[in-house]
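User: Hi! Could you walk me through this one before I set anything up?

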Amino acid sequence: MKMQNPVTKTLQTALLMISVAVWLSACSDDKPKTTLKKAAHNSFDHSHGAEVTDLVKHKFEHKFADQCVAREIKRSANPDVDKKRYAKPCMCIARFMMKDLTAVEAEKFLKENENTQSMRIRFDNAAYHCLQEKAHPKGPKLFGKR
């Protein structure tokens, strides 16, 4: 009787497993795959009551953008120049947040000056979205690398 090398036995097992995997993947359905419809916005956490009017959304947008600019220029060394520079990104963030604004959130923000946890999460998402649109300056070229 001939003894097989353990490496040869492992390679044979691996080859067998690969061929079985290829054979199983080749036995797929001939039916065309149905495309899934894009699900409507999941609104399980939104109120199902009164919708937010355009006037309320407009007030929210401008008040939020103004607060954003004020918060940013508070730390600025040159507030006059920075106010103009922060106006566009803050307005973008406010518009992005306004898309999913609920009546409860709008009321808490406009009347009680309170930010809900969902608004904080949405702010982080909006800030990431809006600030990624900017072209970032190229980094330094070190040691001839591109």
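**A chat about the fold**

Analyst: Happy to. The secondary structure of the protein comes to five helices and zero strands. Keep in mind that this is a predicted model.

User: Thanks! What order do the elements run in from the N terminus on?

Analyst: The order is α-α-α-α-α.

User: And what does the protein average in pLDDT?

Analyst: The average pLDDT is 76, and 68% of the residues score at least 70.

User: Good to know. How much of the protein counts as buried?

Analyst: Of its 146 residues, 20% count as buried.

User: What about contacts in the protein between residues 24 or more positions apart?

Analyst: Taking the contacts with a separation of 6 or more, 71% of them join residues 24 or more positions apart.

User: Let's get to the packing. At what angle do H2 and H3 pack?

Analyst: H2, which covers residues 54–73, packs with H3 at an angle of about 140 degrees, and their axes are 8 Å apart.

User: Why are those two called oblique to each other?

Analyst: Angles over 145 degrees would count as roughly antiparallel. The angle here is about 140 degrees, so H2 and H3 are oblique to each other.

User: And which hand is the crossing of H2 and H3, left or right?

Analyst: H2 and H3 make a right-handed crossing.

User: Which residues meet there, in H2 and in H3?

Analyst: On the H2 side they are Lys57, Phe60, Glu61, His62, Phe64, Ala65, Cys68, Val69, Glu72 and Ile73. On the H3 side they are Pro79, Asp82, Lys83, Tyr86, Ala87, Cys90, Met91, Ile93, Ala94, Arg95, Met97 and Met98. The residues of this contact of H2 with H3 comprise 15 nonpolar, one polar and six charged.

User: Now the other partner of H3. How do H3 and H5 pack?

Analyst: H3 and helix H5, residues 117–131, pack at an angle of about 130 degrees with axes 9 Å apart. H3 is therefore oblique to H5. Their crossing is right-handed.

User: Which residues make that contact?

Analyst: H3 brings Pro89, Cys92, Ile93, Phe96 and Met97. H5 brings Met119, Arg122, Phe123, Asn125, Ala126, Ala127, His129, Cys130 and Leu131. By type, the contact of H3 with H5 has eleven nonpolar residues, two polar and one charged.

User: Nice. How do H2 and H4 cross?

Analyst: Their axes come within 10 Å and cross at roughly 55 degrees, with H4 being residues 103–112. That makes H2 oblique to H4. The crossing of H2 past H4 is left-handed.

User: Which residues in H2 and H4 meet?

Analyst: Val56, Lys59, Phe60, Lys63, Phe64 and Gln67 of H2 meet Ala106, Phe109 and Leu110 of H4. Sorting the residues of the contact of H2 with H4 gives six nonpolar, one polar and two charged.

User: Let me zoom in on Leu110. What does Leu110 touch?

Analyst: Leaving aside residues up to four places away in sequence, Leu110 touches Val56, Lys59, Phe60 and Lys63. The C-alpha atoms of Leu110 and Phe60 are separated by 6.6 Å, and the two residues are 50 residues apart along the chain.

User: Why does Leu110 count as partly exposed?

Analyst: Buried means under 20% relative accessible area, and exposed means over 50%. Leu110 has 23% relative accessibility, so Leu110 counts as partly exposed.

User: Switching topic: what is the phi of Asn113?

Analyst: Phi of Asn113 is near 50 degrees, which is a positive value in a residue other than glycine. Asn113 sits in the loop between H4 and H5.

User: Does Asn113 count as buried or exposed?

Analyst: Asn113 counts as exposed, at 53% relative accessibility.

User: One last residue. Where is Ser118 found?

Analyst: Ser118 is in helix H5. Ser118 is partly exposed, with a relative accessible area of 27%.

User: How far is Ser118 from Glu105, going by the C-alpha atoms?

Analyst: Those C-alpha atoms are separated by 8.6 Å, and Ser118 and Glu105 are 13 residues apart along the chain.

User: Great, thanks for the tour!

Definitions and conventions
Residues numbered from 1 in each chain as written. Predicted model: local features only at pLDDT ≥ 70, side-chain atom pairs only at ≥ 80, totals over all residues. Heavy atoms only, no water. pLDDT = per-residue confidence, 0-100. Axes fitted to C-alpha atoms, helices over the stretch in contact; angles between N-to-C directions. Helix = DSSP H or I, 4+ residues; strand = E, 2+ residues; numbered from the N terminus. Parallel < 35°, antiparallel > 145°, perpendicular 65-115°, else oblique. Left-handed = near helix turned anticlockwise from the far one by under 90°. Contact = heavy atoms within 4.5 Å. Nonpolar A, V, L, I, M, F, W, Y, C, P; charged D, E, K, R; others polar. Buried < 20%, exposed > 50% of the residue type's maximum accessible area, 1.4 Å probe, protein only.
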